[in-house]
Amino acid sequence: MGVIGAGPSGLVACKTLAQFGLPYTAYEAGERVGGQWVLDNSSGSSVAYRSLRTNTAKRICRYADYPLPDHYPAFPGHEQMAEYFDSYARHFRLHAQIRFGTRVLEARPRERGGYELLLGGGERVEHDALIVAVGNLWEPEWPEFEGEFSGPLIHAKDYRDPGDPVDCRGRKVLVIGLGNTACELAVELSKSDSASRVYLSARSGQYILPKIDTAIPHPSDPLDFPFSWLPRGIRDALFRIFFPRAMGRVFARLPAPESLGLPAPPADFFEKRFVMNDHLFERLAEGGILPKPGVRSLSGNWVEFSDGSREAVDVIIAATGYRFSLPFLSDAVLGCTAEELSLFRGVMHPRRHDLFVIGVMRAICSIWPRSEQQMAFVAPLLAGQYALPSRAEIDRESYRILEVPFGNCQFHTADLRRELKRGRKRMAKKNSAGG
Ligand SMILES: Cc1cc2nc3c(=O)[nH]c(=O)nc-3n(C[C@H](O)[C@H](O)[C@H](O)COP(=O)(O)OP(=O)(O)OC[C@H]3O[C@@H](n4cnc5c(N)ncnc54)[C@H](O)[C@@H]3O)c2cc1C
Ligand SMILES: NC(=O)c1ccc[n+]([C@@H]2O[C@H](COP(=O)([O-])OP(=O)(O)OC[C@H]3O[C@@H](n4cnc5c(N)ncnc54)[C@H](OP(=O)(O)O)[C@@H]3O)[C@@H](O)[C@H]2O)c1
């Protein structure tokens with residue numbers, strides 16, 4: 001088997017394949033394990049900044065069989081998380097099977113199944129199946145505006161701190177976006193020794209919650225939903241009714257974003273993932289961050305906003321998110337672009353049963369425990385312990401991984417477990433019919 005990427009998802013792929021006795025080689029473009037959590041990862045794909053901490057609580061952002069150290073705080077920093085992933089890889093002896101500094105440039109399907117990989121350096125290797133674990137948060141989504149800005153305009157991907165790579169200290173900075181990144185950067189830049197003025201431009205609204213709020217349910221907690229045993233359609237419909245009601249009680253205790261100058265959150269509660277930030281409301285209320293609507297145009301160092309107001313700024317940071325791409329798999333191989341990708345049960349290509357993508361989902365829970373559950377499904381399939389359902393069912397149960405409304409992450413896990421059980425039964429039946 002070939003595993004592409006040795007971030008949090010790739011590591012658990014390696015560990016699970018080994019547990020099932022499946023030989024594998026992993027290819028990692030960088031020199032270390034840990035993906036996003038390795039600041040300035042030599043692979044160039046980490047977007048971490050110096051002040052980055054998890055926004056998923058310590059009790060949930062861990063592998064099931066490897067706890068985070070007791071002395072870690074509730075929301076560990078990137079260095080601690082990178083250390084944790086390295087220690088996980090050492091504990092399960094994964095390093096030896098990972099080829100570091102090796103980027104996969106192309107994956108070409110073989111006629112007899114499996115793939116030929118072209119590696120950086122020109123070497124070609126072959127694998128019977130591929131597990132793609134390259135993440136989806138490293139290719140910047142650049143905004144396009146009318147006009148030109150004369151000062152530095154960077155994407156948040158390159159931001160490390162208020163002085164790196166652009167000196168924002170004592171200057172007027174515009175942060176564009178209202179995701180977790182934009183909110184964290186605006187708060188950091190608004191601190192007293194940093195930018196002289198911080199504008200936060202949001203073209204649309206967001207639900208914003210404090211991350212250290214202890215109210216239950218908290219969005220990063222896997223919810224113990226009482227109807228998990230029901231058929232999927234009914235269960236999901238009930239979840240769409242009850243989850244907003246439960247969360248509504250939490251939001252009722254918080255300021256309405258509109259009261260602080262931000263756009264109203266979307267009418268559809270499930271349209272966007274929540275933002276978690278403990279300081280944004282306070283900084284807006286104190287005037288440390290000045291809210292602005294969407295950008296209309298740029299001219300010299302002037303920015304015009306959609307409400308007609310204009311501000312002169314020195315630096316612009318586009319915290320406008322990321323695109324999902326798989327540059328080593330052509331659209332012809334995928335049958336669509338990466339962003340349009342539909343996968344059986346969110347993990348397997350519906351036509352290529354030897355191609356798996358893990359760790360890419362629209363979730364508000366922690367990612368690597370989900371990747372762990374995805375691998376608990378993929379490894380038995382690859383080990384021949386699970387038989388796939390009919391083509392019609394594969395099609396029915398394939399969905400666009402980046403489009404599903406987020407929900408209780410436990411549902412995804414429960415669905416995979418249920419399907420694994422059914423597939424094991426199908427396999428037993430097949431074996432007994434054959435023998
Ligand atoms: C700023 C930020 C904060 C986040 N905070 C949280 C959080 O608090 N909790 C949470 O659960 N999630 C969080 N996430 C989501 C994040 O995606 C996960 O934390 C996690 O990093 C996903 O792991 P991964 O292994 O799937 O992807 P990544 O961490 O992106 O790792 C992918 C690996 O693949 C390698 N790679 C890429 N392309 C190739 C190639 N062609 N050949 C070889 N190797 C390749 C990369 O070098 C990298 O090591 C955050 C994301 C961002 C951007
Ligand atoms: N501490 C942490 O753990 C932490 C910190 C940062 C990020 N993260 C995670 O990293 C991931 C990425 O977060 P992110 O905030 O970088 O990206 P994001 O969640 O995709 O948010 C992007 C923001 O930019 C806006 N935007 C996008 N294109 C735009 C355009 N052309 N013009 C104007 N605005 C535009 C979006 O507005 P619309 O909604 O209108 O499209 C949105 O507000 C998320 O999973 C997040 O949870 C975690």
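One open sheet has 4 strands in the order β9-β16-β17-β18, and its pairing is mixed. The model is a predicted one: local features need pLDDT of at least 70, side-chain atom pairs count only at pLDDT 80 or more, and totals for chains, interfaces and linings use all residues. Residues are numbered from 1 along each chain as its sequence is written, while chains are lettered from A and ligands numbered from 1 in the order in which they are written.

Stay with this sheet. Strands here are DSSP runs of E with at least two residues, helices are runs of H or I with at least four, and both are numbered from the N terminus. Two strands pair if DSSP finds at least two bridges between them. At the edges stand β9 (146-149) and β18 (310-312); each has a single partner strand, so one side of each is left without a neighbour in the sheet. On average, neighbouring strands of this sheet are turned by 30° against each other, direction ignored. Angles run from 0 to 180 degrees between N-to-C directions, and axes are lines fitted to C-alpha atoms, for helices over the stretch in contact. Strand β17 (residues 302-305) runs antiparallel to β18, joined by 3 bridges. Tryptophan 302 stands opposite alanine 312 in β18.

The other open sheet has 3 strands, ordered β4-β5-β6, with antiparallel pairing. Its edge strands are β4 (104-109) and β6 (124-127), each pairing on one side only. Strands of a sheet pair through backbone hydrogen bonds, either parallel or antiparallel.

Follow the chain through this sheet. β4 and β5 (residues 115-119) run antiparallel and are joined by 5 bridges. Valine 104 has leucine 119 as its bridge partner in β5, and alanine 107 stands opposite leucine 117. The two strands form a hairpin with 5 residues between them, and glycine 113 in the turn has a positive phi of about 100°. Next, 4 bridges join β5 to β6, also antiparallel. Glutamate 116 stands opposite glutamate 126 in β6. This hairpin has 4 residues between its strands, and glycine 121 takes a positive phi near 105°.

Now the domains. Their bounds come from an automatic or database domain assignment. The assignment gives domain 1 (2-138 + 323-434) and domain 2 (142-210 + 254-320). Their centres, taken over C-alpha atoms, are separated by 33 Å. In all, 9 residues of domain 1 are in contact with 11 residues of domain 2; contact means C-beta atoms, placed from the backbone, within 7 Å. The domain 1 side of this contact divides into 5 nonpolar, 2 polar and 2 charged residues. Ala, Val, Leu, Ile, Met, Phe, Trp, Tyr, Cys and Pro count as nonpolar, Asp, Glu, Lys and Arg as charged, and the others, Gly among them, as polar.

Where does ligand 2 lie? Both domain 1 and domain 2 give residues to its shell, so ligand 2 lies between them. Around it are 23 residues, of which Pro143, Gly177, Gly179, Thr181 and Gly321 come nearest. A residue is near a molecule if its C-beta atom, placed from the backbone, lies within 6 Å of it. Helix α3 (residues 180-189) supplies the largest share of this shell, 4 residues. By class, the shell around ligand 2 has 8 nonpolar, 10 polar and 5 charged residues.

Ligand 1 is surrounded by 36 residues, and the closest are Gly5, Gly7, Gly35, Gly135 and Gly359. At least two residues of this shell come from each of α1 (8-19), β2 (25-28) and α7 (367-382). α1 gives the most, with 3 residues. The shell around ligand 1 divides into 17 nonpolar, 17 polar and 2 charged residues.

α1 and α7 also pack against each other, at an angle of about 30° with axes 9 Å apart. In α1, Pro8, Ser9, Val12, Ala13, Thr16 and Leu17 meet a set in α7 that includes Ile367, Trp368 and Met375. The residues of this contact are 9 nonpolar, 3 polar and 1 charged.

Two backbone details remain. Most residues other than glycine have a negative phi, and most peptide bonds are trans. Aspartate 40, not a glycine, has a positive phi near 55°. The peptide bond from aspartate 164 to proline 165 is cis, with omega near 5°. Proline 165 lies in the loop between β10 (153-155) and β11 (172-176).

How values were computed
Two residues are in contact if their C-beta atoms, placed from the backbone, lie within 7 Å.
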